[in-house]
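The sequence and structure come first.

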Amino acid sequence: MWRASMSSESFRGGALDRLESAEERLLEMADGVSASAEVVGTAVDEESVEVLYGGEIAPHRTLSSFLSLRIVRGGRLGGAGGTSSSPGKLLDMAISTARVGPEAGFRFPGSTTSAPVQIRDPRVEEMGCTDLAGAMERLRDRTAGAYPYSSLEGSISVRRLRVGIHNSRGLKAEYRKALLEWDLQLLVPTSDGLVTFTSAAATCRHTSLPGASLLADVPEHGQLSETTGPVSGEVPVVFAPEAMSVLLQPVRVGVSGRSLLAGSSPLRNMEGGQVFSPAVTLLDRPLMELGAGSAPFDAEGIGTRDKALFDGGLFGGFVFDLATASMAGTESTGNAGREYDTPPYPVVTNLDMAAGDLDISELLELADGGYMVCGFQGGNSDAVTGNFTLDAGAAFAVRDGSLDARLRRLTVSGNAYRLLSQVTGLSRQRRLSGRDVLPYVCVEAVDCG
Amino acid sequence: MSVVPAASEGWLEPALESVHERLQTRPPGDYADVRLEEGSGLDMVQAGRDLESCDPFRSTGGLARVLADGRWGTCAFTEETDPAMALDRALEMARGSGMPPLPRPLSPSCTVASRHDDPLEPLAEVPVRDKAFHCRRYTELMASSARGASVLAHYREHQRTRAVVGSLGTKVLEFESLCGMALQMSGPGGISVSRSLAHRGGYEYLRHREHLVEEMADAYTTMQGAAAPRSGSYRIILDQRLAGILVHEAFGHLSEADLLHSHPFLGDLFALNAQVAPETVTICDDATLSGNPGSYSFDDEGEPGGRTVLLDRGRVAGRLHTLSTAASAGVSTTGNARAVDFRNPPRARMSCTFMQAGKHSLQELMELMGDGLYLEGAVSGSTNLHRFTITAERATEVRGGSPGRVLGPATVTGSVPSVLGSITALGDEVRMHSGIGGCSRGSRGHLPVSYGGPHMLVEGIDVL
């Protein structure tokens, strides 16, 4: 009954026709009053289930469409975004912002070279609330089986997207994809508080049990009831993919051409230099098969390509959109991202950290006497400098190559860039976290308390 | 000419009438309501000399909800979708739902009313170039006051008309105008000083705020070379903003009825009438504190906002409810059903949450503390419902009741029950605060909230 599909009402006839017509009308209007113009239209048909009070699973549907406009007028950039049925109002807003906007140092592309990338999995496209509710119930049964007093919260959704881009230089392109996304927390009460496991990820690939990683580490390796307190000082730490994804946030910001131009990136003047440990190879992969951030072209219509941000620890270079590339005197890397209501800005897509050659047990041997952090649940992180002080949601002492007692609490602090320069080992096993595919990572000496 | 159109542009009122007629004549399910929104806004960032972004947006749509056989289905839609079709989709969702039905019918108040903010200087009438000028002026002032610092001004405004119409007679409409600005100066060694202010009203609130830059420059100067406090357990005094964040993070979320339903362990720990804090501690949530971004006349189910005592002289006294959680608990809603925007179903959320004042001046609190840390300025706060973490912009060492050297940022953490039980004295003045962001619990975007409290003396809290 809940089942929708890419051929559902948002993606056939009426709504989509109206959006495409609005895109063309807006481009025509904008072209008449500006030197050049660009319109991006996005249609969304999303179904989701959320665990509510008392463990109930609530279904929700979203049918929406948005337009984003950018113009060059008087040599300056202006823009506006929003819901789609009033193109004239968006144009008025864009004209007003062009009066104060930055100078346009680039031209919109006249065509795109769409890269070959698989972004559609029919099994995801056909998912509906019934499937999502079934997945949530299976996950709830498994977590309740492992921890009878635990509570699961969060949501699982499938988001069907159609993205179209037109500009006044003749570019006209679109793609469609369906994303399976989840943002889940498992809270386990213990005698000394709550232990938190998190799983948040997005993918275009079908998976029968989103959020299964909530139970990935603990049942095999440790018991929640045996506890110990952390010893303050520098110790080796293994970070699970969920924790690593958080620690990579400053790197996502630091590799952006916007940070380079603002002078805030710690990576400035480091191209080609050894920044991280030789074990660390980190790719930006917009062409990852069925990756959530995968697309044939970026938010400005530039063809995408995979690139090494760090190869053997050597910094490969920044990512740019058209505007930041023009200011930096280089070419766009096809990394423009865009929200429904913002102009483009340079972003990384799917991060892919190369696997190591160690099993997790071998990695734990490297961290003997230290800790393993499964994820973070709070704290403070400076995305510019990379400095952080973070509270672990769940962490364990490591002894003799395996997880020992759970830590009643653990705070780790340091600098993300320095931390990645002290990597001593990476696991063979990798896991999706956010939009990234990451291994477990062992770091030599981390400030813990 | 204005860059941002006034919030109501002609879509909402005809849509409201059409939905009202449908709900009165052919209501789907046992109960249905539709929330309609027509809004616009502007987000502007001046980084140093560059206007980094100037992004206007408009956002118009709604959320249809249907309760059929005690089960909810919801469908969000943007303006090109017929609300009647969204009601049909919501009904499909409800009928396909495997949720256990609500144990009792909903009891909406069926309010019919409207309220409009009437700001002195409407946001839509202030040209974008004036707003850009102010951002530039503040960054220039910051740059000249703290040489070598990276400076940033972030302006944000949002106007919207929000209406709720229900099948049992509810029909409310509210026009909201919110604006705010965040100023930040940061420098080598991780020094960062920021001020964020926001209110519900017009642009006049943001004029003549140059004194903030002077305060920031003083703080920036005193933090040069300051070392972070050593890790350990301290007596601390939180300033009013940090006290407000503690109230919001450490206790406010535990008062949201849907969260407590989800976590029986926490419900037991904070059962109604349980004494969880000293008798000096009273915490309220009040949607009627006008001017604060967290305030409103009607919540997103069309229920009047009100004042709820959450903690009365240290005892758990109340919860924040929606129509659904109230029906489940067999009580009346408190008018706290809120959503970031029409794309999100409403949940039990805070509005303006604060701790009531005690009787001590700041000087008296320092004397009571003797040795410890005075923490000022908020960087961030978070909770997993049992533990919280708050980062203060700076700590000042206090010895023998007198303030001494200024230290760097400090992050404090603890368990909620422990910190509530360790509040030993409160200041005599409450201040409310709001930022340009808000609370991000489980939703896309930030919900405007306000928070506050008096200066607060806490025993034995961990500084990381």
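**Sheet in chain B**

Strand S9 (residues 283-286) and strand S14 (residues 352-355) of chain B pair in the antiparallel sense over three bridges. Strands pair if DSSP finds at least two bridges between them; strands (E, at least two residues) and helices (H or I, at least four) are DSSP runs, numbered from the N terminus. This is a predicted model, in which local features need pLDDT of at least 70 and side-chain atom pairs count only at pLDDT 80 or more, while totals for chains, interfaces and linings use all residues. Residues are numbered from 1 along each chain as its sequence is written, chains are lettered from A and ligands numbered from 1 in the order in which they are written, and side-chain values use heavy atoms, with hydrogens and water left out.

- Asp285(B) has Thr353(B) in S14(B) as its bridge partner.
- An open sheet of six strands with mixed pairing runs in the order S11-S10-S9-S14-S21-S20 (chain B).
- Its edge strands, S11 (315-316) and S20 (431-433) of chain B, each pair on one side only.
- Helix H5 (residues 240-252) of chain B packs on the sheet, touching S9, S10 (307-312), S14, S20 and S21 (450-453) of chain B. The direction of H5 makes about 115 degrees with that of S21(B) (axes are lines fitted to C-alpha atoms, for helices over the stretch in contact, and angles run from 0 to 180 degrees between N-to-C directions).

**Interface of chains A and B**

- In contact (heavy atoms within 4.5 Å) are 67 residues of chain B and 60 residues of chain A.
- The two chains bury about 5400 Å² between them, 57% of it on carbon and sulfur atoms; buried area is the accessible area (1.4 Å probe) that two parts lose on being put together, summed over both.
- On the chain B side, Arg58(B), Glu80(B) and Met93(B) lose the most area to chain A, together 12% of what that side buries.
- Strand S2 (residues 57-73) of chain A pairs in the parallel sense with strand S3 (residues 71-78) of chain B over four bridges. Within S3(B), Cys75(B) is the bridge partner of Arg61(A).

**Salt bridges**

- The structure holds 57 salt bridges over all chains (a side-chain nitrogen of Lys or Arg within 4 Å of a carboxyl oxygen of Asp or Glu).
- Three salt bridges are found across the interface of chain B and chain A. Arg409(A) and Asp462(B) meet in a salt bridge at 3.8 Å, N to O.
- Arg162(A) forms a salt bridge with Glu20(A), the closest N and O atoms being 3.6 Å apart. Because Arg162(A) lies in strand S4 (residues 151-167) of chain A and Glu20(A) in helix H1 (residues 14-33) of chain A, the pair ties together parts 142 residues apart in sequence.
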